[in-house]
Amino acid sequence: MFEALTERLERAFSRLRGRGKLRERDVDEALREVRLALLEADVSVEVVRDFLARIRERAVGQEVLESLTPAQQVVKIVYEELVRLMGEAREDVRWAKSPPTVVFLVGLQGTGKTTTAAKLAYHFLREGRSPLLVGADVYRPAAREQLETLGAKAGVPVYTRHDVDDAVRIAREGVARAREEGRDVVLVDTAGRLHVDEELMAELERMKAELAPHEILFTLDAMAGQDAVRVAREFHGRLALTGVVVTKLDGDSRGGAVLSVRAVTGAPVKFVAVGEKLEDLEPFYPDRMAQRILG
Ligand code: GDP
């Protein structure tokens, strides 16, 4: 998933290895390559700048330059700063004190909202919870049918209506159904558009005001890189996202979005999706991701 990035970082560090002591100039040369590697991975320029400034500050200190293993120290610093960039520790789902926990999936069309709703439901089911899926994407043709099919595959019931096009009403009825049936988590698939538009945002705001969700998760298509991160920031400004699910990390995405999104929006990544199948969803751990990136 990060092959290109991993390879370039490895190349940057290999310049430092095999040398005795490092000079400031050696570190700067290596960091120039780290910079290029991150930009090529489509990490935003501002994020790269701040990230490198932090690393440089730590890496050109006496402790590193005079150490017997300076290259390892630099790699360690990069690792620690990657973890920090992605949010330090895992952020879990905000479970409701009195169930059901209400989770909205929001994002642009085609980013993997419907698929992610089903994957999350499947994930929670396997954790021993009793999820309900709610199909409230009333705009995309066949989104509700798609959710019903995925729900059947996952073994999770789906509440939706084909006879009304009022998304807020479907979501409200879905949450009521979950409560009646004693389900502990409700995943609401909301409508996405090709662009952020006023009507979409207003509908989501109404839905949020009425249902007070515990989680509003944004599906961010890793293939769309920095554009997707900008869209996430717009959604965050309107809805106060509680988390992000980075989707399609399995494709030939360059991975930059997973590095930038926390710094740019402030919203933590909570899961990543790495394929089309129901089980292709992983809880996000900044330290494990940093290890993967460093190879
Ligand atoms: P929505 O319009 O946001 O609800 O998007 P969908 O859930 O319908 O997903 C759009 C397409 O992306 C579908 O073909 C999904 O199978 C695919 N997709 C979703 N998540 C992933 C992922 O993590 N990896 C890959 N490779 N494809 C995905």
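## A first look at the chain

Of the contacts in the chain with a separation of 6 or more, 76% join residues 24 or more positions apart, where contact means heavy atoms within 4.5 Å. This is a predicted model, in which local features need pLDDT of at least 70 and side-chain atom pairs count only at pLDDT 80 or more, while totals for chains, interfaces and linings use all residues. Residues are numbered from 1 along each chain as its sequence is written, and side-chain values use heavy atoms, with hydrogens and water left out.

**The chain as a whole**

- You will find 12 helices and eight strands here; these are DSSP runs numbered from the N terminus, with helices being H or I of at least four residues and strands E of at least two.
- Along its principal axes, the C-alpha trace spans about 70 × 40 × 30 Å.
- Buried residues make up 54% of the 295 residues (buried means under 20% relative accessible area, exposed over 50%, and partly exposed in between, with a 1.4 Å probe and protein chains only).

**The sheet**

- Eight strands form an open sheet with mixed pairing, in the order β3-β2-β4-β1-β5-β6-β7-β8; two strands pair if DSSP finds at least two bridges between them.
- At the edges stand β3 (158-160) and β8 (281-283), and because each has a single partner strand, one side of each is left without a neighbour in the sheet.
- Neighbouring strands are turned by 25° against each other on average, direction ignored (axes are lines fitted to C-alpha atoms, for helices over the stretch in contact, and angles run from 0 to 180 degrees between N-to-C directions).
- Strand β2 (residues 131-135) pairs with β3 in the parallel sense over three bridges, and V134 has Y159 of β3 as its bridge partner.
- Helix α8 (residues 167-180) packs on the sheet, touching β1 (101-106), β2, β3 and β4 (185-189), and its direction makes about 165° with that of β2.
- Helix α9 (residues 198-211) also packs on the sheet, touching β1, β4 and β5 (215-221), at about 175° to the direction of β1.

- β4 runs parallel to β2, with five bridges joining them, and V188 of β4 stands opposite V134.
- β4 also pairs with β1 in the parallel sense over five bridges, with V186 opposite V102.

**T101 in strand β1**

- T101 belongs to strand β1 and counts as buried at 2% relative accessibility.
- A polar atom of the T101 side chain lies 2.9 Å from the backbone nitrogen of A96.
- Beyond neighbours within four places in sequence, the contacts of T101 include W95, D184 and H214.

**Backbone details to look for**

- Most residues other than glycine have a negative phi, and most peptide bonds are trans.
- The peptide bond from P99 to P100 is cis, with omega near 5°, and P100 lies in the loop between α5 (70-85) and β1.
- A142, in the loop between β2 and α7 (143-154), has a positive phi of about 70° and is partly exposed, at 47%.
- K248 has a positive phi of about 60° and sits in the loop between β6 (243-247) and α11 (256-265).

Key
A polar contact is a pair of N or O atoms within 3.5 Å; within protein, one must be able to donate a hydrogen and the other to accept it, and residues adjacent in sequence count only if both atoms are side-chain atoms.
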